[in-house]
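This report describes selected features of one protein model. Please look over the sequence and the structure before reading on.

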Amino acid sequence: MIISIDHQLAEVPKGRQPRGLFIMDFDGTLLRSDRTFSSIDLDALRQLGELGIIRTIATGRSLYSFNTVTLEDLPVDFVIFSMGAGVLQNAGAKVVRRVSLEPHEVKRACKVFETNRLDFMIHRTIPDNHMFSYFRSSGGNDDFERRLKLYSRFAVPLSEATDGFGPAAQLLAVVPNRSSHAVLEKIRSELPDYSVIRTTSPLDGKATWIEIFPNVVSKSRTAAWLAQELKIDKREIVSVGNDYNDLDLLEWTAKSY
């Protein structure tokens, strides 16, 4: 794996030691289904900031996707994006940490996906990880086609599953709901040294996305890194989430909802 860190993060926001860390999922938690924010939630986040609590979003969205729906003055301090592969310090819109798979790791994961006849995408490194190459192993995968259509101007086909792709932020396979559990367990058994994360498709709410990252990447692992950088005790961390990809974060924090 490749890790890039900007150690200027050591400068504590507002020049004082934070009193705690509040981490929230984005889609379905902070962001409502109509792509708006509750004024009550926004007021609560502002109050947390006044109390010296670091406010952090943890989302599976890429930074590009996140920026398509956010407010200009969204009251958060950090954004853990792409499931933890990247961290943005909101003040100054500065990416302070990014993690990617090395070419040989990408090639190995591609081979496993292809062997299991999965339709998948390989995403470029941060900050360009909204751009991807894709490979069809089968047909009739509606959610896969829906995602390709949505990001058509950023997607290019792969002639072969391991066609010379360099480092990547992640791989993403789209699996129809009827077979997702068995496929997920098989991928996890074949890639035990990767971070294999299950997400419910935000497009149809039914299909499963199997996302592959370096083993240091997940919402909880990246939150732990951020807390260590900010010198925040784990007992002072609270999280809120609503999907499978939040489970590790909810289990890791001292209090979760």
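Predicted model: local features only at pLDDT ≥ 70, side-chain atom pairs only at ≥ 80, totals over all residues.

Where does Arg117 lie? Arg117 is in the loop between α3 and β7.

## Backbone features in the loops

Arg117 is a residue other than glycine with a positive phi, near 55°. With a relative accessible area of 55%, Arg117 is exposed, because the cut-off for exposed is over 50%.

Met83 also has a positive phi, about 65°, although Met83 is not a glycine. The loop that holds Met83 runs between β4 (78-81) and β5 (86-89). Met83 has 0% relative accessibility and so counts as buried, the cut-off being under 20%. A cis peptide bond links Ile126 to Pro127, with omega near 15°. Pro127 is placed in the loop between β7 and β8.

## The six-stranded sheet

The model contains an open sheet of 6 strands. The strand order is β9-β8-β7-β10-β12-β11, and the pairing is mixed. At the edges stand β9 (155-157) and β11 (195-200); each has a single partner strand, so one side of each lacks a neighbour in the sheet. From one strand to the next, the twist averages 25°.

Two of the strand pairs can be followed in more detail. Strand β7 (residues 119-123) pairs with strand β10 (residues 170-175) in the antiparallel sense, over 5 bridges. Within β10, Val174 is the residue opposite Asp119. Strands β11 and β12 are also paired in the antiparallel sense, here over 6 bridges. Ser195 has Phe213 in β12 as its bridge partner. Although β11 is an edge strand, β11 is mostly covered, with 5 of its 6 residues buried.

## Helices against the sheet

Which strands does helix α3 touch? Helix α3 (residues 103-115) packs on the sheet and touches β7, β8 (132-135), β10 and β12 (208-213). The direction of α3 makes about 10° with that of β10.

Helix α5 (residues 180-190) lies across β10, β11 and β12. Relative to β11, helix α5 runs at about 165°.

## Buried leucines

Leu101 is located in the loop between β6 (94-100) and α3. Its relative accessibility is 0%, and Leu101 therefore counts as buried. Which residues does Leu101 contact, leaving aside neighbours within four places in sequence? The contacts of Leu101 are Val106, Pro167, Ala168, Gln170, Leu171, Tyr194, Ile212, Phe213 and Pro214. One of these, Leu171, is 70 residues from Leu101 in sequence, while the C-alpha to C-alpha separation in space is 9.2 Å. Another, Phe213, is the bridge partner of Ser195.

Leu226 belongs to helix α6 (residues 219-230). Leu226 is buried as well, with a relative accessible area of 0%. Between Leu226 and Pro214 there are 12 residues of separation in sequence and 17 Å in space, C-alpha to C-alpha. Pro214 is also among the contacts of Leu101.

How values were computed. Residues numbered from 1 in each chain as written. Heavy atoms only, no water. Pairing = 2+ DSSP bridges. Helix = DSSP H or I, 4+ residues; strand = E, 2+ residues; numbered from the N terminus. Axes fitted to C-alpha atoms, helices over the stretch in contact; angles between N-to-C directions. Contact = heavy atoms within 4.5 Å. Buried < 20%, exposed > 50% of the residue type's maximum accessible area, 1.4 Å probe, protein only.
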